Amino acid sequence: RSTVVYFFSPRCSWCVKNRELFAKLHSSQKDRFRWVAVSLDTTNVEEFVRESNMAMPVLSQVPDEVLDSYKIEGTPQTFVVASDGRVLKKWVGSFT
């Protein structure tokens, strides 16, 4: 099964605007994919996750190698990753 990886930052205005749409996407597709969210910032992560109703694992400290491998330069960014590690789809920016 593929995994959706969502990179965000609690201080990112587009991530805040994206919360409701991301929650709807997760709710409608939660059985189709595995889900994980990755915060690029450690400040206010718990509050952001609670307010966003993120019912998935959320990581807040990942090695730079992970960010480099996904070429993360900003947030939000969303990836669909195959079980073999190939990136199947990438969205840069908000869903709106």
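Is Glu20 buried or exposed? At 53% relative accessibility, Glu20 counts as exposed, because the cut-off for that label is over 50%. The values here come from a predicted model.

**Salt bridges**

Side chains of opposite charge can pair when their charged atoms come close. In this structure, a search of the whole model finds 4 salt bridges. Three of them are listed below, including the one formed by Glu20.

| Glu51 | Arg19 | 3.1 Å |

Glu51 pairs with Arg19. This pair links distant parts of the chain: Glu51 belongs to helix H2 (residues 45–52) and Arg19 to helix H1 (residues 13–29), 32 residues apart. Glu51 has a relative accessible area of 45%, so it is partly exposed. Lys24 and Glu20, by contrast, both sit in helix H1, 4 residues apart, or about one turn of the helix.

**Helix H1**

The 17 residues of H1 should span 24 Å at 1.5 Å a residue, and the end C-alpha atoms are 24 Å apart, so the two values agree. H1 also bends by about 50° at Arg19. Arg19 is one of the buried residues of H1, together with Cys15, Asn18, Phe22 and His26. The buried residues of this helix pack against strand S1 (3–8), strand S2 (34–39) and H2.

How values were computed:
Residues numbered from 1 in each chain as written. Predicted model: local features only at pLDDT ≥ 70, side-chain atom pairs only at ≥ 80, totals over all residues. Heavy atoms only, no water. Salt bridge = Lys/Arg side-chain N within 4 Å of Asp/Glu carboxyl O. Helix = DSSP H or I, 4+ residues; strand = E, 2+ residues; numbered from the N terminus. Buried < 20%, exposed > 50% of the residue type's maximum accessible area, 1.4 Å probe, protein only. Expected span 1.5 Å × (residues − 1). Bend = angle between axes of the 7 residues up to and from the residue. Contact = heavy atoms within 4.5 Å.
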